[in-house]
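Please look through the structure shown here with its side-chain contacts in mind.

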Amino acid sequence: LDKLACSLCAGFSLLEEKVKAVVNDQAADRMKFSEMEASLSEARSSLIKAETEKQKLETLLCQHTNDKKMLFEVIEQFNALGSESLQICGDEIREKQELVSGMESEVMEERKRLHSAFIERD
């Protein structure tokens with residue numbers, strides 16, 4: 001009976017140690033699980049921040065693209081106005097040159113007339 005009691009006590013002690021080991025393993029697993037959950041939560045938070053930043057950058061890129069298009073349109077309009085202005089200035093210069101040329105001819109004729117009149121008077 002003593003052998004049986006010792007054997008039961010030894011078996012109980014062994015079982016108790018196994019239960020403690022399992023409980024410790026479960027506690028370690030819970031701790032690892034908690035750490036993994038915390039890490040996952042941090043990763044999700046980082047992902048949300050990255051997604052938000054990505055959306056901001058996409059918005060800025062879209063705005064930049066639109067601004068660039070508008071700038072090119074303004075440059076094209078400016079170039080067109082510049083070309084038109086140059087054309088108008090060129091036309092005005094030609095008109096004034098023709099006017100000056102005509103006036104020079106008139107002055108030359110008047111000079112000849114006056115010169116002739118002056119010679120006749122003498």
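**Salt bridges and cysteines**

The side chains of Arg94 and Asp91 form a salt bridge, with N and O 2.4 Å apart; the term stands for a side-chain nitrogen of Lys or Arg within 4 Å of a carboxyl oxygen of Asp or Glu. This is a predicted model, in which local features need pLDDT of at least 70 and side-chain atom pairs count only at pLDDT 80 or more, while totals for chains, interfaces and linings use all residues. Residues are numbered from 1 along each chain as its sequence is written, and side-chain values use heavy atoms, with hydrogens and water left out.

Arg94 and Asp91 are both part of helix α1, where 3 residues, about one turn of the helix, separate them. Helices (H or I, at least four residues) and strands (E, at least two) are taken as DSSP runs and numbered from the N terminus. Arg94 has a relative accessible area of 43% and is partly exposed. Asp91 is also partly exposed, at 31%. On this scale buried means under 20% relative accessible area, exposed means over 50%, and partly exposed lies in between (1.4 Å probe, protein chains only).

How many salt bridges does the structure hold? There are 3. One of them joins the side chains of Arg113 and Glu110, again with an N to O distance of 2.4 Å. Arg113 and Glu110 lie in helix α1, 3 residues apart, or about one turn of the helix. Arg113 is partly exposed at 47% relative accessible area, and Glu110 is partly exposed at 34%.

Lys54 and Glu58 make up another pair, and here the closest N and O atoms are 4.0 Å apart. Both residues belong to helix α1, which covers residues 2-121, and they sit 4 residues apart, about one turn of the helix. Lys54 has a relative accessible area of 41% and Glu58 one of 45%; Lys54 is partly exposed, as is Glu58.

The cysteines come next. A disulfide is a covalent bond between the sulfur atoms of two cysteines. With the cut-off set at a pair of cysteine sulfur atoms within 2.5 Å, a search of the whole structure gives 0 disulfides. Cys9 is partly exposed, with 48% relative accessibility. Cys89 is likewise partly exposed, with a relative accessible area of 41%.
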